Amino acid sequence: MAFLRNLSRKKIFWPLAALVLLMCFNLFFTPNFFRVEIKEGHLYGNVIDILKNSAPIMFLAIGLTLVIATKGVDISVGSVVAISAGVVAMLIGGDLKGVPKNPILLSMAAAVLVATLAGMWNGLLVSRVGMQPVIATLILLVAGRGIAMVTTNAMVVWLYAKPFALLGQGYLLGLPFSLYMVAFLLLATMLVTRRTALGLFIEAVGINPTAARFAGINARNIVFWVYAFSGFCAGISGLVVCSTVMSADGNNAGDGYEMNAILAVVLGGTSMSGGKFYLMGSMVGALIVQTLTTTIYAFNVPPEIAFLVKAVVVWVVSLLQSPDLRSGMAGFLGRRSEGGKEAAA
Amino acid sequence: MSRKGLINLRSLPSLVTLGLFLLMFGAGSLSFPGFFSLQNFLNLFIDNAYLLVLAVGMTLVIVAGGIDLSVGSMLALSTMLSSFLLERAGWKPGQVIPTVLAVGLALGAFMGYMIHAFSLPPFIVTLAGLYLARGLCYVVSIDAIGIKNEFWQGMANARIPAEAANSVSPSVIIALAVVAAGGFILRSTKFGRTIYAIGGNEQSAVLMGLPVARTKVGIYAISGFCSALSGIVFSFYTLAGYALNGRGMEMDAIATVVIGGTLLTGGVGGVVGTVFGVLVYGTIQVLIMFQGTLNSWWTRIAIGFLVFLFCLLQRVFEAGRGKSGKDGSAGPASC
């Protein structure tokens, strides 16, 4: 009992509980959900698929967690994924024999660089121009789709260079390769933010940028680099997305990912009001989002309807995080009299 | 600063927009034969009537310092609902139109309530609304539904003569009526003045005893209503309901409002500027069409760029106003 109470105090408890609940639902209602087989030397099954498919969201969630911690938001990530996928596909290109036009690693680096530049653009608009984060990143959300379409000449570009498939389809020691990339990026980010003061600086900016500046923190630079990092993460996510289907579709690649990523971060316990972040929680959040998606698919519901469910989940979770609702539940009468005052006035 | 000076300063962005429109239309007329005609100008209204309706709702929201990202998919939902009710459920236009408008109004009011009652950031509530409406479209029908209803066909083909051989569609009349109504609400009603007060400083508006709660829910309801009406106008134009209609249109709507000189921080702006914004938007599209070699995706990039320019202009403009206390300090402004 004491163990349970201890556990429930941990921040990771609630996201994990939600995940377990969702898994239990699947255990009863989705046949063969937990079956894992070994085929051709690696693991196969729904659970492995969930892990594999959540990788692109996890990359985004890592970057977005830091952005949200500064009380910002980056809704351009889906479009940046499309840009990165487009750039890498155009650079590798190649014919049906699978000979890449440019060295694969170089092309990947170029795509991630372009994505990082896109993130820096966002950072510039937010930190230097002083635009609201939603608007600044909304510009790239829409213009970015255009850029992705122009990059790929408004066509779906197919890739045949075998080695590139490793990112999205490859396996290492039985597990999807992309998971190792996620783990690496996550660990690196955690080390940099939690073993140095950087994480505290980010949180300080999220709580009160002016106070942070007076405390000697270069708030502008922190905000700038956080957005650049979000672009970088979206770039890597784009590589994996492109590699998974070995094609780049400027119109559909990464479509709606911003929603999934925000949902992952919020489900993981990072509040939209900034000032705190929780990377591990965001990872669990991404798993919840992907499990939810897989569960919805398992019921033969059209994938687009999954968005409906997710929209409702976002509303419910942000309601639960709302301090007004909490205090409202604590003192229903208090709220009523406040409302009465306003109506009377 | 004198009162007159302030007004001039405030109308400056919309004058800049008007200038930009004249410049672009002029440049198009000089570069392309057949560009300069009254009908081509009227076509800007015919082709963008739905956007004008959306943008008026968005103007109200942005003047109040909020944002509504759900308008594009609300438009899609309304085209979907209209076509479904007309073609599959066999309702009459007289029943369909009020129903669709009521759905838009209700969804908007619901989002407004969540934003106000629980102090949630507008963008997160309306972003979820975006996906909710898009999901609802697919609940109605997965594939597109063509509209064969006589009234709709009639509205699509009817032309109202404007001058000599030139004409406009009934949708343009609807859109202009919405603009007039929006302008009237903002300028001459208590509700409208409260919107400006909330956009200027919400806390002050509360302390002044203005009905902030009612107004905030009201503007999102109006925006939902405008999206639904815009969807109906859009389906007059395309004669089909399709779940992917209006993808990214929230950006078009926000873009036209921003280009029209409404400040994203709220408190300043109006529907006249928004009309100019829509004209600029339409002209960009026509220019790219006339130019011929650029693909239509350049429109998106051009619009993104214009929004950037105007946001920059707004920041400079705000810095010029100076005394507002927003000294462009570091860190993200709250949404």
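Okay, let's start with A:Met246, which is buried, with a relative accessible area of 12%. By buried I mean under 20% relative accessible area, exposed is over 50%, and partly exposed is in between, with a 1.4 Å probe and protein chains only. Quick housekeeping: this is a predicted model, so local features need pLDDT of at least 70 and side-chain atom pairs count only at pLDDT 80 or more, while totals for chains, interfaces and linings use all residues. Residues are numbered from 1 along each chain as its sequence is written, chains are lettered from A and ligands numbered from 1 in the order in which they are written, and side-chain values use heavy atoms, leaving out hydrogens and water.

Back to A:Met246. You'll find A:Met246 in the loop between helix H11 (219-245) and strand E6 (247-249) of chain A.

B:Leu239 isn't glycine either, and its phi is positive, near 55°. B:Leu239 lies in the loop between H10 and strand E4 (240-241) of chain B.

So let's look at that helix. H10 of chain B covers residues 212-238, has 27 residues and reaches 38 Å from first C-alpha to last, close to the 39 Å expected at 1.5 Å a residue. That expected span is 1.5 Å times one less than the number of residues. Is H10(B) mostly covered or mostly open? Mostly covered, with 20 of its 27 residues buried. B:Phe225 is found in this helix, and at 31% relative accessibility it counts as partly exposed. Leaving aside residues up to four places away in sequence, B:Phe225 touches B:Leu101, B:Gly104 and B:Leu105; contact means heavy atoms within 4.5 Å.

Now the rings. A pair of aromatic rings is described by the distance of the centres and the angle of the planes. Here, rings of Phe, Tyr and Trp (its six-membered ring) pair if their centres lie within 6.5 Å; planes under 30 degrees apart are stacked, over 60 edge-to-face, and the rest tilted. How many pairs does that give over all chains? The count is 20. Take B:Phe32 and B:Phe290: their ring centres are 5.6 Å apart and the planes sit at 45°, so this pair is tilted. B:Phe32 is in the loop between helix H1 (3-31) and helix H2 (38-63) of chain B, and B:Phe290 is in helix H12 (residues 271-291) of chain B, so the pair ties together parts 258 residues apart in sequence. B:Phe290 is partly exposed, at 29%.

Then there's B:Phe305 with B:Phe308: centres 6.1 Å apart, planes at 45°, so tilted too. Those two are three residues apart in helix H13 (residues 297-321) of chain B, separated by about one helical turn. B:Phe305 is partly exposed at 48%, whereas B:Phe308 is buried at 12%.

B:Phe32 and B:Phe290 also belong to a cluster linked by ring pairs, along with B:Phe21, B:Phe25, B:Phe35, B:Phe36, B:Phe41 and B:Phe45. B:Thr283 sits in helix H12 of chain B and is buried at 1%. Its side chain reaches the backbone oxygen of B:Leu279 at 2.6 Å.

Two charges over rings, both in chain A. The rule is NZ of Lys or CZ of Arg within 6 Å of the ring centre and within 35 degrees of the ring normal. A:Arg194 lies over the face of A:Phe277 at 4.1 Å from the ring centre, and the charged end of A:Arg213 is over the ring of A:Phe214, 5.6 Å from its centre.

Last stop, the nonpolar core, meaning buried Ala, Val, Leu, Ile, Met, Phe, Trp, Tyr and Cys residues joined through side-chain atoms within 4.5 Å. The largest one has 211 residues, and those with the most contacts inside it are A:Ile75, A:Phe164, A:Ile262, B:Leu69 and B:Ile254. Which element gives the most to it? H2(B), with 17 residues. A:Ile262 touches residues of both chains, including A:Ile75, A:Met272, B:Ile124 and B:Leu127, again not counting residues up to four places away.

How values were computed. Helices (H or I, at least four residues) and strands (E, at least two) are DSSP runs, numbered from the N terminus. A polar contact is a pair of N or O atoms within 3.5 Å; within protein, one must be able to donate a hydrogen and the other to accept it, and residues adjacent in sequence count only if both atoms are side-chain atoms.
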